[in-house]
Amino acid sequence: MSSVIFLVDMNSFFISCEMTRHPEIKGKPAAVAGDPATRTGIILTANYDARKFGVKTTMPVHQALKLCPDLVLLPPDHRFYSETSRQVMDILSGFSPVVEENSIDEAWLDMTGCEGLFGDPASSAELIMNTLQTELGLPCSIGISENKFLSKMASEMKKPLGITELWRKDIGQKLWPLPVQSMYGVGKQTAGKLKAMGIHTIGDLARSNREALVKKLGKSGAELQALANGFDDNLVQSHAHEAVKSIGRSVTLAEDISDLENARKVLLRLSEEVGRTARKQAVKGRTVQISIKYADFRTITRQATIPATSHTNEIFEQGYELLRKNWNSRQPVRLLGISLSGFDSGQPAEQLSMFDSNAEDAESEKLVKLENALDSLRDKYGKSIVNRAVLMKKESGSSK
Ligand SMILES: [Mg+2]
């Protein structure tokens, strides 16, 4: 069976995050920029309405304002972006047991063998895209291929909200005509050296003389040429062997709720999942955090410290305490989340080293994790009070 790898890239991530809590800027050109007050900073991310004016990442703010005088500028809030990124990664982990975070706004997913769960690659990609949109209000693009490099290149081809397949057999037509500097892994300097050798497109690189490349660029010359030919044997590396930083679950409610008792039930079920995951990973956390997203997309988070635990009840009780204190029946809620973090440093490495074992074990481990993922999806469908609308639709159409 050949591999199926996705690269999920969140579109204009920082400003998209801001748009979820500032709905008033939707449809207006806006950007996150360092120090907008003094107008000396640079643009970190511009939304697509601003890009129409030529506003780009790394452009000085004063230049951006010349191109687009009505540009709305927001200061960066990196804590908020990391928290949102964690929610994105949490959702992605529900689709594949092997997720590799490449940066705050993108990750590779090994989707090999997931057809039975989510359908063919294009349908699974659509499901992931819709889930991120529904749960978090965030757009993404997804590249699909048989390896990491090609999926990354594919993800760049259609933005925003693009799903692009780029299989090795099609690279002559889709990849080779692109300029060599657009290749993932080729920086400005390397591009300069390649151009000096008369290599202008990815196709040129694919067909160039290998010895000459190695002479000029060292070992990386040969590696780049292999990539240009669509060969990449780097595996998607789940970070599961690293210390877990946080375990969280959130859910978008089928209907906005303003009744505390209903919210309590939802929180209890989410706490169960968090507790179960913590116990499975043999970690105990001291920090319980809840997040509440209101119907108007405003989000608040509140946290408290408790003695280290992995018990559902203790997690839930602290979470509910926070929820009760911050409850306002006049503000309907559309999403609730709870997480456990602040884990003890002594991680039980032997329980988390599944990816170091031999390939066969890793394969069966993968199946077990898939089973678990499926179980937890089933759990969700079983409870009528909450659902993930997109997944529900998919589930009712399948034969499971
Ligand atoms: Mg990215």
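The protein has 17 helices and twelve strands, taken as DSSP runs numbered from the N terminus (helices H or I, at least four residues; strands E, at least two). This is a predicted model, in which local features need pLDDT of at least 70, side-chain atom pairs count only at pLDDT 80 or more, and totals for chains, interfaces and linings use all residues. Residues are numbered from 1 along each chain as its sequence is written.

User: How are two packed helices described, and at what angle do α11 and α12 pack?

Analyst: Two packed helices are described by the angle between their axes and the distance between the axes. Helix α11 (residues 210-217) packs against helix α12 (residues 219-228) at about 130°, and their axes lie 6 Å apart. That makes α11 oblique to α12, oblique being what remains once angles under 35 degrees (roughly parallel), over 145 (roughly antiparallel) and 65 to 115 (roughly perpendicular) are set aside.

User: Which residues of α11 and α12 meet?

Analyst: Arg210, Leu213, Val214, Lys216 and Leu217 in α11 meet Lys219, Ser220, Gly221, Ala222 and Gln225 in α12, contact requiring C-beta atoms, placed from the backbone, within 7 Å.

User: Which residues of α12 are buried?

Analyst: A residue is buried if 20 or more other C-beta atoms lie within 10 Å of its own, and in α12 these residues are Gly221, Leu224, Gln225, Leu227 and Ala228. Seen down the axis of α12, the buried residues fall within an arc of 160°, so they line one face of the helix. Among what covers them are α7 (148-155), α10 (202-207) and α11.

Definitions and conventions
Axes are lines fitted to C-alpha atoms, for helices over the stretch in contact, and angles run from 0 to 180 degrees between N-to-C directions. Two residues are in contact if their C-beta atoms, placed from the backbone, lie within 7 Å. A residue is buried if 20 or more other C-beta atoms lie within 10 Å of its own, exposed if 12 or fewer, and partly exposed in between; C-beta atoms are placed from the backbone. The arc is that of the directions from the helix axis to the C-beta atoms.
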